[in-house]
Amino acid sequence: MMERYLCIHAHFYQPPRENPWLGEIEIQDTAHPYHDWNERIAAECYVPNVASRLLDGEGRILDIVSNFAHISFNIGPTLLSWMEHRVPEAYEQILAADRQSREWRGGHGNALAQVYNHVIMPLANSRDKQTQILWGIEDFRRRFGRDPEGMWLAETAVDLETLDLLARHGIRFTILAPSQAARSRKVKSGGRWRDVSNSRIDPSQPYLCRLPSGGTISLFFYDGPISQAVAFEKLLASGEHFADRLLGGFSEVRTGPQLMHIATDGESYGHHHRFGDMALAYALHSIEAKGLASLTNYGQYLERYPPVQEVKIFENSSWSCSHGIERWKSDCGCNSGGHPGWTQEWRAPLRGALDWLRDETAGLYQDRLRSLGIDPWAARDGYIQVILDRSEEMGRRFTATHSPRELGDEERTMFFRCLEMQRHALLMYTSCGWFFDEISGIETVQILQYAGRVIQLAREMGLELETPFLERLAAARSNIPEHRDGAHIYEQFVRPTMIDLEKVAAHYAISSLFEDYGESTGIYHFDLNREDFWQANSDTVKATVGRIAVRSRLFGETRRASFCVLHFGNHSIIGKVRDYLDGDLYLAMKEEFIASFELGDYSQLVRIMDTHFGLHTYSLLDLFRDEQRNILEILTEQTVKGFINRYREMYDQSLSLMQFLQHTAMPIPRVLVNAAEYVDNHDLWNAIRAESLDCQNVSKLLEDIRRWGVTVDFSKMEMVVRYRLEKMMEQFAGNPTEPGLLEQIRTVLKLLGQMDTEVNYWQIQNSYHSMAQTITQDFSAAARAGDREALRWLEEFRDLGIELSFNIESLFQKFGLEIPGEKPVTG
């Protein structure tokens, strides 16, 4: 058989969603029951692909494998940063998969780098291109522990300057769409160029691209039709069909080695197409196990088979816009569909406004850093070191590296304020801001928030840019009448989100009514230290007065503030914050405030607050979103508790009537069903969150819920019970002989199965599979030696595997496990 190689490349990416002022993603209700879209997509795609299931014909698990160890992939640096902190186990498994691939592929890892925050490179200026590449490379080095061989370009958008910069910084290859190839010829012939436009390039080999600087870079052009089928033709509905289609990409006509490779969004494998990760795992396993092709990655293939053809590309082209790169700067007609009559004329003025803001702040940045004797652009290129390590020690080392002298406190604050301004000026070009149909969409609002952060930082250094920026942004007209234009959208969705140290102090002051922060605490990247604090309750009002120091870890600057807050019950809260009231002034205010509170003169309290703090007030509306949600849930629960006894009384008194009506097949009045719904939901929610899970009680409540046909948010409850079971499995792995634990796990597992919702057994199955490889070996050996307790444990462990949908016979055979005295184990 001719040499046939298969490589599947997956581009895993999510736009940065962090609040620009807090550095964290705030709760996104549209991702329910998950906290945010990163968390949801991680659960549906990134996490399953580190441990994907190979199934038999009956849907039982034969094995669990890492797709990342078998495919080529890149993961956006900003997404990897989120994964490192939010799904660390999956993150570490991805790094391990790259290490494994280096062992399998002759030292060539599967992972590729990516330009840092997914900007359309041909639309960036030369300085920004360089920083995007250098940040992407350094981020990759820090995570994967090696230099990247290849780099993914956002939307495969390309020009020769970008390729030249890639090559100059040691990148050997990138991947493009077949439509981006213009002409090709043999490397050594120097003969006539052959027209390969309209996707007629042969994708089965790498190509050499000669660059204006005299350098070269290798290019791979993926198989277009099969890549399209994965993304848009439901090819992942069947692993067998997927494998057949991949094999169909090889040609009997071609002579010599050939590479069959595709490139798609990685989210196809689980998020866009449910269970796509398993189709991928099956296809790769099937092809490799049958010897139909050899799995490879681009680095290994390039080493074995260097380019024998060279190519010229279409500059300013991409894989997702048939008009080149117009999708990110004009109303070219490319959109996500579904809104006839909408236009994307807003794209051009949006980019124009951001370009103006970039250039205005570049001058400020350059002047400020040069006044410190610092090379501004070398400092920006190196700032990725600080982004990756926000410790004070790294800040000191970075400053010492780039400054010719020791900086004072204010100079150091200005230095890092300038660099953060540049970081956000790069983030505001994230490509998703232009990709979709409407300027008021969350992706575009996100990049406008980055622009707002740039404007705020420039203002803090004496340059006011907001008004002229909004004048330019007003030309970007929304398709939705109430949103009007980009300027209005900025005023509605960006300006209210801006945060300064006073707002951090206000957040602390109000939330301290509900949370005991102690003498010091951290809120996002701010440190808060309590200098004085008084709090008291009456029957109807709760009051707080205090002084705190708020310090920004990013800039090292500190602001001292005084505050007072009144809570009149429910959501009625009045908060005041001002610059530090020192010494006698603060003590006099505090004494006056306490005296009025103790007298119950609450109107006087408000007057005292106005006198000492001014008329501006803060409320629950000013809290950071996650804490706001937590407090509102507390307040709502307190309010709802007042009604539970009334509902329970109604339910108890009507229960026999409801049973009789049901027995006679008569409809039960909705008001009675509503009472049952409220009580059962309340009791079930409390039961599954109880420290000790009473499975018998939960089962009874589930029976009542099914009996009366009441509505329950089982998706949220499933997560709570599942997380509990996942912790039990961790405990089981740590202490497999703990009395009764295995039986408890099986009981809770049955309880999960009773919930009228789909259950995600992924982590539980992973824990079981891991134990089968490791801990179970000792029990198997002991059972063979005649240990009756080990034998009984092994039998129960086998039964648990059957309940978790494993093909136990296959799994036990793979890991050399057996139960003495039994015939081969079957599922």
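I'll go through a sheet, the cores and then some salt bridges.

A word on ground rules: this is a predicted model, so local features need pLDDT of at least 70 and side-chain atom pairs count only at pLDDT 80 or more, while totals for chains, interfaces and linings use all residues. Numbering starts from 1 along each chain as its sequence is written, and side-chain values use heavy atoms, with hydrogens and water left out.

So, the sheet. It's open, with six strands in the order E7-E11-E10-E14-E8-E9 and mixed pairing; strands here are DSSP E runs of at least two residues, helices are H or I runs of at least four, both numbered from the N terminus, and two strands pair if DSSP finds at least two bridges between them. At the edges you've got E7 (173-176) and E9 (194-195), each pairing on one side only. Inside, E10 (207-210) and E11 (216-221) run antiparallel, joined by four bridges, and one of the residues to look at is arginine 210, whose bridge partner in E11 is threonine 216.

Now the cores. A nonpolar core means buried Ala, Val, Leu, Ile, Met, Phe, Trp, Tyr and Cys residues joined through side-chain atoms within 4.5 Å; buried is under 20% relative accessible area, exposed is over 50%, and partly exposed is in between, with a 1.4 Å probe and protein chains only. The largest one has 231 residues, and Phe242 and Phe469 have the most contacts inside it. There's also a second, separate core of 17 residues, including Tyr586 and Phe593.

On to salt bridges, meaning a Lys or Arg side-chain nitrogen within 4 Å of an Asp or Glu carboxyl oxygen. How many does that rule give? The count comes to 54. Take aspartate 128 and arginine 380, with closest N and O atoms 2.9 Å apart. Aspartate 128 sits in helix H4 (126-144) and arginine 380 in H11 (376-382), 252 residues away, so this pair links distant parts of the chain. Aspartate 128 counts as buried because its relative accessibility is 6%, and arginine 380 is buried too, at 2%.

Another pair is glutamate 557 with arginine 417, at 2.6 Å, N to O. Glutamate 557 is in the loop between E17 (542-552) and E18 (558-567) and arginine 417 is in H14 (409-427), so the pair ties together parts 140 residues apart in sequence. Here glutamate 557 is partly exposed, at 25%, whereas arginine 417 is buried, at 9%.
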